[in-house]
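Work through the exercises below with the sequence and the coordinates open. Try each task before reading its solution.

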Amino acid sequence: VQLQASGGGLVQAGGSLRLSCVASGRTSSHYYMGWFRQAPGKAREFVAGISWHPEWTRYADSVKGRFTISRDSAKNTTYLQMNGLKPEDTAIYYCAAAWATTQFEYEYDYWGQGTQVTVSS
């Protein structure tokens, strides 16, 4: 499975971005899809996850109410809509796929290359 993340960029605080993650290769709608992020000098952290059916979602406390994860299984694409962005959201964002419903990095089998999100104050 190959994952391609895109949609990052530079935005002012309070702005919005939508990240996309397209899966190719041996894809399956049964994967649990997650978004992680890594800020400079910090460990990678879980941001949001979504199961395949029903669409059960989970969010880190730091993004609840601001970020929304969704998926279009027909397009093998997972999205992360980010609203109300803050400078502390600045990081490289990665999408990942796992067979388990999990927020733990080590349980994810496939990773995208990451897309940079920079939020200016």
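**Exercise 1. Work out what share of the residues of the chain counts as buried, then describe its overall build.**

Step 1. The model is predicted. Apply the cut-off for burial, which is under 20% relative accessible area. Of the 121 residues, 43% pass as buried.

Step 2. The accessible area of the chain is about 6300 Å². Carbon and sulfur atoms contribute 49% of that area.

Step 3. List the elements. The chain has 11 strands and 0 helices. The radius of gyration is 13 Å, close to the 14 Å from the globule rule for 121 residues, so the chain is as compact as a globular protein of that length.

Step 4. Check the extents and the contacts. The C-alpha trace spans about 40 × 25 × 25 Å along its principal axes. Take the contacts with a separation of 6 or more: 56% of them join residues 24 or more positions apart.

**Exercise 2. Find the strand order of the open sheet of 4 strands, and identify its edges.**

Step 1. Follow the pairing across the sheet. The order reads E1-E3-E8-E7, and the pairing is antiparallel.

Step 2. Look for strands that pair on one side only. These are E1 (2–6) and E7 (67–72), the edge strands.

Step 3. Compare directions. Ignoring direction, neighbouring strands of this sheet are turned by 15 degrees against each other on average.

Step 4. Zoom in on one pair. E1 and E3 (residues 17–24) run antiparallel and share 5 bridges. Within this pair, Gln-2 lies opposite Ser-24.

**Exercise 3. Determine which strands bridge to E11, and in which direction each runs.**

Step 1. Start with E2 (residues 9–12). E2 runs parallel to E11, with 4 bridges between them. Leu-10 has Thr-118 as its bridge partner.

Step 2. Go on to E9 (residues 91–98). E9 is antiparallel to E11, and 3 bridges connect the two. Here Ile-92 is set opposite Gln-116.

Step 3. Sort the side chains of E11 (residues 115–120) by face. Thr-115, Val-117 and Val-119 point to one face and are buried.

**Exercise 4. Is Arg-37 buried or exposed, and which side chains make polar contacts with Arg-37?**

Step 1. Arg-37 belongs to strand E4 (residues 32–38).

Step 2. The relative accessible area of Arg-37 is 6%, so Arg-37 is buried.

Step 3. Search for polar partners. The side chain of Asp-89 makes a polar contact of 2.9 Å with that of Arg-37. The side chain of Tyr-93 makes another, also listed at 2.9 Å.

Step 4. Arg-37 touches residues including Glu-45, Val-47, Ser-62, Phe-67 and Ile-92.

**Exercise 5. Characterise the surroundings of Asn-83.**

Step 1. Locate Asn-83 in the loop between E8 (77–82) and E9.

Step 2. Asn-83 has a relative accessible area of 32%, so Asn-83 is partly exposed.

Step 3. Collect contacts beyond four places in sequence. They are Gly-15, Ser-16, Arg-66 and Phe-67. With Ser-16 there is a side-chain polar contact of 2.9 Å.

Step 4. Asn-83 and Val-63 are 20 residues apart along the chain, and their C-alpha atoms are 9.3 Å apart.

Methods. Residues numbered from 1 in each chain as written. Predicted model: local features only at pLDDT ≥ 70, side-chain atom pairs only at ≥ 80, totals over all residues. Heavy atoms only, no water. Pairing = 2+ DSSP bridges. Axes fitted to C-alpha atoms, helices over the stretch in contact; angles between N-to-C directions. Rg over C-alpha atoms; globule rule 2.2 N^0.38 Å. Buried < 20%, exposed > 50% of the residue type's maximum accessible area, 1.4 Å probe, protein only. Contact = heavy atoms within 4.5 Å. Areas by Shrake-Rupley, 256 points an atom, 1.4 Å probe, with all protein chains shown as cover. Polar contact = N/O pair within 3.5 Å; in protein donor to acceptor, adjacent residues only side chain to side chain.
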